[in-house]
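Hi everyone, thanks for making the time.

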Amino acid sequence: MDSMRKKEKEHGGCTTQFCFFCAMKEPDSFKRRATLATCFKQMPLRDDQENVLVLSSLWHIAMTHPDDQEFPNLGIFECMARLIHKGIKDQSSRWLQKHQNIYIPYYAAHVIGSYTMNRVEFAKIAAESGVIPPLLELLRGKMSWVEQRVAVRALGHLASYEKTFKLVADYEEEMVRLAMELASTCVNVVYASFVGVKDKSKRLKYHCDLVTRGIGGLEMENSKAEEWASQLQCWSLYILNCFACKQRPLALKLICKQEFLRELCGMWGGLLANHASPAGIGLIRILCYSKYGRRKVAESKEVIERLCNLSRSSDDWQYMGIDCLLLLLKDADTRYNVIDISALFLIDLVELRSLGDHRSNLGETIAKTVLLDYKQRKSNKNEALEELWSLIERSKKERVLLSGEIWEERRVLVDLIKQEANHLFCKGEVEEALIKYSEALALCPIRLRKERMVLYSNRAQCQLLLRDPDSAIRDTTRALCLSSPANSHGKSLWRRSQAYDMKGLTRESLMDCVMFINGCIKSEKSSQRVKIPYYAARMISKQMDATWIFATARSTMATSQVKKVQESEGNKGNNEGGNHNQQENHDEMMKILMENKGLSTILEEPLMRNMVKEGSSRRKQERTRRM
């Protein structure tokens, strides 16, 4: 009794044996470490409310001091593994429902992931402490997507180190299959079980608490859930990256299934959530470094087309798309599967000098790779290759034949033709203007990059008005390659954004529009108030909605709900004629939706005037200009 009172006096009335919080206050470091080690051993055996408070504190310490070696050396990993195992094992009982124990598996997995994030020695201790099996149980979905997120994060860290990879690889087949399934389905699961549940009272309370830390309403919950869904997908892909980097035959065989490769193209880190991850394209690039991976990627026409579109975009991962295509073209076994498609896209990039910090002399590398065996296969006609060869030959001749005076004469002549083309365009004679821009480009010396950039961009505007988005994309891409730095010419970005919108390539359109707006903001830095063009704001709004990470899941859920309503109405109704009319109306509605996907393409404001009919009044023109 006396000892109990003494303890209460020393620790503020605490009577818990081996109390974590009391141990943290212990001034004697030896006693502190001994008590903490005992605390970690006893914690999984106890059944009181303090466990959740301790786990929450450990989570905070692991997040703020992930390199501190004290807890990892005292047995924290074994403790966390046992707690996760207990949570999974005792789901049938009421342990998880008592004392807020439902939070414990999440915090335990998070602590493991935080400590193993940067330190290989901590990862080795964790793996040897037996954390992999319980984390794998969470990855199997024994609890929910919230726990899967922290489990896949921790396993990804363990798989990334050479010293711990072998222990992770013992579960290779199952882990790869689970990571693939999670990457493919997690977005739909998060939407169906959380974001798509509009009634907050029907959402799991502990999910809401963990997502927002108990702060914020429905909007914040949805925003964080979007970020977490993106992280869950990207971290699942990270595990697959770890196995693919090792070029392990079993993992490559599983990952390189055609259906999954096609799905990878749609896995995007996102513009707001987890934008720093290359997501699906990053894994495809890793696969292209292996012989087997290149062969499987080259077999998918859809994947090649997505890589080609990425190579001609202003996406941060543009260089990865180019890398993949170059790797496929350098391999004799895959070159002739992709050359016909990829050459049409890569030819527009041959004048690209550099691409950020990633590549220098990139255009020259592209040209050499595309023309690798052009002379040997000259008999097999390919218009793109012939055009590229002509461009290179023309550049060589100009360097030899054209003197300084001739250069200047050509510049003046090109400028006169451009002015004539501009005049024709302003008169509304778009086709004639296009011909003149083409004439100016044919005469303009290769080294006059700025002049050719403007000509390509102006010709692209003509092609937009003539509803030829493919040609517009080609010309704007060439203009952006000639700009300095690359992808910085505002008008070309906006015009290519419209062209991509015409083709339904929403992600590419969005990225170009974002770059265009960034350029507008930088150009108006001196002014206090930055004005974003209304047409660009509309395009951003449209494409953000179309590329939203939950867009497909939302559409799927909406379709499912419509079917349920139709089925219930069909069961209730006995009038066959009424049902027939309903079906006709539904078919007509679907036909309209298919013909009018989203908003109509938004044309650049000044060009609206050129599209007004000659008989229109001045007032009508002014009203059109304000639209």
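The lining of the second largest pocket is made up of ten nonpolar, three polar and nine charged residues. Before I go on, please keep in mind that this is a predicted model.

How much space lies in this second largest pocket? About 650 Å³. There are 22 residues lining the second largest pocket, and Val350, Ile392, Ser395, Arg399 and Ile446 are the closest to its centre. Of the elements, α23 has the largest share of the lining, with eight residues.

Now from a pocket to a cavity. As a general point, rolling a probe the size of a water molecule over the atoms shows where empty space is left. How many cavities of 30 Å³ or more does the structure hold? One. The volume of this largest cavity is about 150 Å³. Its lining has 15 residues, and those nearest the centre are Cys265, Ile281, Arg306, Leu310 and Arg507. If you want to find the cavity on your screen, look for α16 (258-265), α17 (279-287), α19 and α29 (506-523), each of which supplies at least two residues of the lining. By class, the cavity lining has ten nonpolar residues, one polar and four charged.

In general, two packed helices are described by the angle between their axes and the distance between the axes. For helix α19 (residues 301-311) and helix α20 (residues 318-330), the axes come within 7 Å and cross at roughly 130°. The two helices α19 and α20 are therefore oblique to each other. The crossing in which α19 passes α20 is left-handed. Which residues meet there? From α19 we have Ile304, Leu307, Cys308, Leu310 and Ser311, and from α20 we have Gln318, Gly321, Ile322, Cys324, Leu325 and Leu328. This contact of α19 with α20 has eight nonpolar and three polar residues, and no charged ones.

Next pair, please. Helix α10 (residues 145-160) and helix α13 (residues 205-212) have axes that come within 10 Å and cross at roughly 40°. That angle makes α10 oblique to α13. On the α10 side the contact is made by Trp145, Val146 and Glu147, and on the α13 side by Tyr206, His207, Leu210 and Val211. Sorted by class, the contact of α10 with α13 has five nonpolar residues, one polar and one charged.

One more pair and then I'm done. The axes of helix α28 (residues 490-503) and helix α30 (residues 534-546) come within 12 Å, crossing at roughly 40°. So α28 and α30 are oblique to each other. Their crossing is left-handed. Here Trp494, Ser497, Gln498 and Asp501 of α28 meet Tyr535, Ala536, Met539, Lys542 and Gln543 of α30. The contact of α28 with α30 divides into four nonpolar, three polar and two charged residues.

That's my tour, and I'm happy to go back to any of these places on the screen.

Terms used
Residues are numbered from 1 along each chain as its sequence is written. This is a predicted model: local features need pLDDT of at least 70, side-chain atom pairs count only at pLDDT 80 or more; totals for chains, interfaces and linings use all residues. Side-chain values use heavy atoms; hydrogens and water are left out. On a 1 Å grid over the protein atoms alone, a cavity is a set of points where a 1.4 Å probe fits but cannot get out, and a pocket is an open set with protein on both sides within 12 Å along at least five of seven lines; lining residues have an atom within 4 Å of a point. Grid points are joined across faces, edges and corners, and a volume is the space filled by probe spheres set on the points. Helices (H or I, at least four residues) and strands (E, at least two) are DSSP runs, numbered from the N terminus. Ala, Val, Leu, Ile, Met, Phe, Trp, Tyr, Cys and Pro count as nonpolar, Asp, Glu, Lys and Arg as charged, and the others, Gly among them, as polar. Axes are lines fitted to C-alpha atoms, for helices over the stretch in contact, and angles run from 0 to 180 degrees between N-to-C directions. Angles under 35 degrees count as roughly parallel, over 145 as roughly antiparallel, 65 to 115 as roughly perpendicular and the rest as oblique. A crossing is left-handed if the near helix is turned anticlockwise from the far one by less than a right angle, and right-handed if clockwise. Contact means heavy atoms within 4.5 Å.
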